[in-house]
Structure formats: structure tokens, C-alpha cells
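Morning, everyone. I have one structure for you today. Let me put it on the screen.

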Amino acid sequence: MNGNLLSADRVIKALPAEARKVLQVTVYDTVGSTNDVLREQKGQVALHGAAVIADQQTAGRGRRGRRWCSPAGANLYCSIGWRFAGSPEMLTGLSLAVGAMVAEQITTHFGADLQLKWPNDLYYNEQKLGGILVEVLGDVADMQSVVIGIGLNVNMPEEQGASIERPWTDLRSVVGAEVDRHALAGAVLAGVADGLPRFADKGFAHWQPAWHRRDYLSGRSVVIDGSPPIAGIACGVDDCGALLVESTTGQLAIAGGEATLLEIGTAS
Ligand code: BTN
């Protein structure tokens, strides 16, 4: 038996009592993608509060169909299912809010002051440490089912990390010691279990100040992909989570896309 495998008991022990009431945690050794495990529960009441963690993913997905490096015994791959009452518009800014929930928990429990790169990357020292993949499954007209995937590089083996195309880091490098993935899973899930009901009440606006404190792009030259691409200086996010860009034609609020830094020598 691999002593490094994640165990459901230990994750549940790491959860505060409040989060235990809200979440049903299942831990798998290997899945294709934790998001896909929950997507199969679309429309089911049981999706709400289901949390799936895997020790390894064989088809881990990032945004825009990118692959998410998911070796065994190393990182955190988890997904949470949630059902929100309301129209699809009420989900605006959800992925940014989840990024803020996760970053706040990591700072509180591990002392690592992460930054947030619009729209939903976690960064440290110009390198990507994690990402959020929110998938909206729809449901009935006034009920929105979503799957929130969270991937964090934790104790990434160098040989596996070598396959990642962009500059990356892991939590072990940030804190200078091997990280207990059970404690991390407990902290992350607790933050999300506490934050999602608040998101349902208040929307992204509640996390806007926290987001600004951690804003990786603020004041930097960026280009947002699209046709045509938009270039300018990033100056925060609005209360819906749109990126504010000061361009030659004035300030624009960009609701979706991918931002790349224009500064020479820095990572996108
Ligand atoms: C990104 O930065 O592109 C988002 C990465 C999200 C990765 C996580 S790992 C858990 C969940 N399962 C997946 O297949 N993807 C998300």
C-alpha cells in the first residue's frame, strides 16, 4: 500500500465541524477528472455539497481544454458540486470568488501570500501555483448546478513538473517544506463550504476587496486575447469580476478571456 495516498478519513478529520455538515467528501485513488465525476451527477440533489478528491487524475483538465498535470501522491485535485437558486447571471464572478476563498485559506493556514491572476489563476512569485475550473451544468430554469474544480501544485515532483509549458511553482517551494495534503484539503474545502453560501447571498462584490489585495495584474501592461485583442493597463476588477483595462480608448470592463502580461521577461 502506498502510504502517501490521500485518505477520506484524514481529509474529513481536517475539516471544521461546520464544513462537515455541508460537504460529503469522497476520495478516489485515480479518476479521469474529478470534475467529470461530479458532472455525471448533473441535476441530482446529491450534487449539492458533494466534494470529490483524487490522488491522481489521468485526464485532468484546465481552462480552454488544456491538460492539468495530475501525477499521483503529489498535489491537490478536488471538485465541489453546488446548486444555486437563481438565473445563470447570478454565477457571474464565481470562479474569481473561489480563487479568493482558496487564497485566503492558504494564507491563513500555510502563511503563503498568494496572488490572483484574472480570471482564475493562483500565482506566487510570477509563477502559477493553481487554477480554478468552474463548469456550469445548467439545471432547471431557476436552479444552476455547477462543478467547481480546484487544482493546486503542492509537492510536485520535478520530473512531472517538467512537462508543464508555463512557469509554475508548488506550495512546498513557497513554504519551504513538504506540505500535508490532508490539512490543505481540509482548509480549502472549509473555505469553499463557508464561502459559497455567502456568494449565493452577496455575489462577487463581497470578495472584490480581497481580490484587489491579491491582484497580480494590477498596474501592469496586459493584452487580452480576442478579435481584436485588447491592450492596456490592468486596473483591478469591477464588482462583477470583469477585468478593468485602461486602453487608448478609455476604460474597458472585460468579462471573459485570457490576460497575458506584455512586460518583457515576465510570465503570462
Ligand atoms: C486552470 O488553471 O486551467 C484550471 C485548472 C483546474 C484543475 C482542476 S484539478 C481538479 C479539477 N479536475 C480537473 O480535471 N480540473 C480541475
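One term before we start: when I say contact, I mean heavy atoms within 4.5 Å. And keep in mind that this is a predicted model.

The chain is divided into domain 1, residues 8-212, and domain 2, residues 217-261. Their C-alpha centres lie 25 Å apart. Who touches whom? On the domain 1 side, 16 residues are in contact with 19 residues of domain 2. Together the two domains bury about 1,300 Å² between them, and carbon and sulfur atoms give 50% of that. In domain 1, Arg64, Lys117 and Trp118 lose the most area to domain 2. Those three make up 46% of what that side buries.

Now the charges. Five salt bridges are counted between domain 1 and domain 2. Separately, look at Arg66 and Glu258: their side chains form a salt bridge, 2.6 Å from N to O.

Next, the sheet. It is open, with seven strands in the order S1-S2-S3-S7-S6-S5-S4, and the pairing is mixed. S1, residues 24-31, and S4, residues 115-117, are the edges. Each has a single partner strand, so one side of each has no neighbour in the sheet. From one strand to the next, the twist averages 25 degrees.

Zoom in on S1. It runs parallel to S2, residues 50-57, and seven bridges join the two. Find Val27: opposite it, in S2, stands Ile53.

Last, a helix. H7, residues 181-202, packs on the sheet and touches S1, S2, S3 and S7. Its direction makes about 15 degrees with that of S3.

That's my tour. Thanks.

Notes:
Residues numbered from 1 in each chain as written. Predicted model: local features only at pLDDT ≥ 70, side-chain atom pairs only at ≥ 80, totals over all residues. Heavy atoms only, no water. Pairing = 2+ DSSP bridges. Helix = DSSP H or I, 4+ residues; strand = E, 2+ residues; numbered from the N terminus. Axes fitted to C-alpha atoms, helices over the stretch in contact; angles between N-to-C directions. Domains from an automatic or database assignment. Buried area = accessible area lost by both parts, 1.4 Å probe. Salt bridge = Lys/Arg side-chain N within 4 Å of Asp/Glu carboxyl O.
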